[in-house]
Amino acid sequence: QVQLVESGGGLVQPGGSLRLSCAASGVFEGISTMAWYRQAPGSQREFVAFITEDGTPTYADSVKGRFTISRDNAENTVYLQMNSLKREDTAVYYCNADVRNFIGGLRGFWGQGTQVTVPS
(Lines give C-alpha, C1' and ligand atoms only; values in the text may rest on other atoms or scores of the structure.)
Protein backbone atom coordinates (compact mmCIF):
# COMPACT_ATOMS: atom_id res chain seq x y z
CA GLN A 1 0.00 0.00 0.00
CA VAL A 2 1.09 3.57 -0.65
CA GLN A 3 1.02 6.25 2.02
CA LEU A 4 1.33 10.01 1.61
CA VAL A 5 2.33 11.93 4.70
CA GLU A 6 2.09 15.72 4.74
CA SER A 7 3.89 18.05 7.12
CA GLY A 8 4.67 21.73 7.53
CA GLY A 9 1.28 23.24 8.21
CA GLY A 10 0.63 25.69 11.01
CA LEU A 11 -0.42 29.19 12.02
CA VAL A 12 1.21 32.06 10.15
CA GLN A 13 0.49 35.78 10.07
CA PRO A 14 -0.70 37.45 6.85
CA GLY A 15 2.21 38.05 4.55
CA GLY A 16 4.18 35.19 6.05
CA SER A 17 5.47 31.97 4.52
CA LEU A 18 5.14 28.24 5.06
CA ARG A 19 6.59 25.24 3.30
CA LEU A 20 4.54 22.07 3.05
CA SER A 21 6.04 18.66 2.37
CA CYS A 22 4.45 15.40 1.28
CA ALA A 23 6.42 12.18 1.24
CA ALA A 24 5.22 8.99 -0.44
CA SER A 25 6.16 5.61 0.94
CA GLY A 26 5.39 2.03 -0.04
CA VAL A 27 6.19 -0.29 -2.91
CA PHE A 28 5.75 1.20 -6.36
CA GLU A 29 7.62 1.80 -9.61
CA GLY A 30 7.32 5.57 -9.66
CA ILE A 31 5.10 8.60 -9.33
CA SER A 32 3.60 10.52 -12.23
CA THR A 33 1.85 13.79 -11.38
CA MET A 34 1.95 15.14 -7.82
CA ALA A 35 -0.42 17.84 -6.68
CA TRP A 36 -1.73 19.95 -3.85
CA TYR A 37 -5.37 20.67 -3.15
CA ARG A 38 -7.02 22.56 -0.31
CA GLN A 39 -10.35 22.64 1.42
CA ALA A 40 -11.61 25.54 3.49
CA PRO A 41 -14.44 25.10 6.02
CA GLY A 42 -17.78 24.88 4.25
CA SER A 43 -16.16 24.74 0.82
CA GLN A 44 -15.34 22.08 -1.71
CA ARG A 45 -11.82 20.81 -2.16
CA GLU A 46 -10.06 22.93 -4.77
CA PHE A 47 -6.97 22.57 -6.90
CA VAL A 48 -3.88 24.52 -5.88
CA ALA A 49 -0.99 23.26 -8.01
CA PHE A 50 0.40 20.19 -9.72
CA ILE A 51 3.77 19.18 -11.06
CA THR A 52 4.55 16.59 -13.71
CA GLU A 53 7.18 13.92 -13.37
CA ASP A 54 9.62 16.01 -15.39
CA GLY A 55 9.04 19.02 -13.14
CA THR A 56 6.61 21.16 -15.11
CA PRO A 57 4.31 23.09 -12.72
CA THR A 58 0.78 24.39 -13.12
CA TYR A 59 -0.97 26.70 -10.65
CA ALA A 60 -4.43 27.88 -9.78
CA ASP A 61 -4.86 31.57 -10.57
CA SER A 62 -5.45 32.32 -6.89
CA VAL A 63 -1.92 31.26 -5.91
CA LYS A 64 0.06 32.08 -9.04
CA GLY A 65 3.10 34.20 -8.20
CA ARG A 66 2.88 33.40 -4.48
CA PHE A 67 3.16 29.59 -4.28
CA THR A 68 5.83 27.34 -5.77
CA ILE A 69 5.48 23.60 -6.20
CA SER A 70 8.56 21.40 -6.52
CA ARG A 71 9.48 17.75 -6.16
CA ASP A 72 12.35 15.46 -5.36
CA ASN A 73 11.87 12.28 -7.36
CA ALA A 74 14.65 10.45 -5.53
CA GLU A 75 12.83 11.06 -2.25
CA ASN A 76 9.29 10.69 -3.67
CA THR A 77 8.47 14.02 -2.10
CA VAL A 78 6.55 17.06 -3.27
CA TYR A 79 6.81 20.50 -1.70
CA LEU A 80 4.66 23.61 -1.68
CA GLN A 81 6.40 26.86 -0.80
CA MET A 82 3.74 29.37 0.16
CA ASN A 83 4.68 33.05 0.34
CA SER A 84 2.65 36.23 0.90
CA LEU A 85 -0.02 34.21 2.65
CA LYS A 86 -3.51 35.66 2.92
CA ARG A 87 -6.45 34.94 5.19
CA GLU A 88 -8.21 33.26 2.28
CA ASP A 89 -5.39 30.70 2.07
CA THR A 90 -6.64 29.19 5.32
CA ALA A 91 -7.58 25.58 4.63
CA VAL A 92 -6.60 21.97 5.07
CA TYR A 93 -4.02 21.22 2.39
CA TYR A 94 -4.01 17.76 0.83
CA CYS A 95 -1.33 16.06 -1.21
CA ASN A 96 -2.27 13.87 -4.17
CA ALA A 97 -0.05 11.56 -6.18
CA ASP A 98 -0.61 9.37 -9.22
CA VAL A 99 1.42 6.28 -8.37
CA ARG A 100 2.63 3.83 -10.98
CA ASN A 101 2.83 0.11 -10.12
CA PHE A 102 5.12 -2.48 -11.67
CA ILE A 103 2.61 -3.61 -14.28
CA GLY A 104 1.97 -0.18 -15.76
CA GLY A 105 -1.11 0.73 -13.77
CA LEU A 106 -1.70 4.19 -12.35
CA ARG A 107 -3.66 4.95 -9.18
CA GLY A 108 -4.28 8.14 -7.27
CA PHE A 109 -3.61 8.46 -3.54
CA TRP A 110 -4.38 11.21 -1.02
CA GLY A 111 -2.62 12.32 2.11
CA GLN A 112 -4.39 12.95 5.40
CA GLY A 113 -4.15 16.73 5.13
CA THR A 114 -2.32 19.45 7.03
CA GLN A 115 -3.95 22.59 8.43
CA VAL A 116 -2.78 26.02 7.34
CA THR A 117 -4.26 28.96 9.24
CA VAL A 118 -3.75 32.61 8.36
CA PRO A 119 -5.63 34.76 10.89
CA SER A 120 -7.34 37.98 9.94
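Biologist: Which backbone nitrogen lies 2.8 Å from a polar atom of the side chain of aspartate 89?

Modeller: Keep in mind that this is a predicted model. The nitrogen belongs to lysine 86.

Biologist: What does the side chain of aspartate 89 make a polar contact with at 2.7 Å?

Modeller: The partner is the side chain of arginine 66.

Biologist: And where is aspartate 89 found?

Modeller: In the loop that runs between strand E8 (77-82) and strand E9 (91-100).

Biologist: Is aspartate 89 buried or exposed?

Modeller: Buried: the relative accessible area of aspartate 89 is 0%, and the cut-off for buried is under 20%.

Biologist: Leaving aside neighbours within four places in sequence, which residues is aspartate 89 in contact with?

Modeller: Arg66 again, along with Arg38, Phe67, Ser84, Val116 and Val118.

Biologist: Changing topic. How many disulfides does the structure hold?

Modeller: One. Cysteine 22 is joined to cysteine 95, with an S to S distance of 2.1 Å.

Biologist: Why is the disulfide left-handed?

Modeller: Because the torsion about the S-S bond of cysteine 22 and cysteine 95 is about -80 degrees.

Biologist: Is cysteine 22 buried or exposed? What about cysteine 95, buried or exposed?

Modeller: Cysteine 22 is buried, at 0% relative accessible area. Cysteine 95 is buried too, with a relative accessible area of 0%.

Definitions and conventions
Residues numbered from 1 in each chain as written. Predicted model: local features only at pLDDT ≥ 70, side-chain atom pairs only at ≥ 80, totals over all residues. Heavy atoms only, no water. Helix = DSSP H or I, 4+ residues; strand = E, 2+ residues; numbered from the N terminus. Buried < 20%, exposed > 50% of the residue type's maximum accessible area, 1.4 Å probe, protein only. Polar contact = N/O pair within 3.5 Å; in protein donor to acceptor, adjacent residues only side chain to side chain. Contact = heavy atoms within 4.5 Å. Disulfide = S-S within 2.5 Å.
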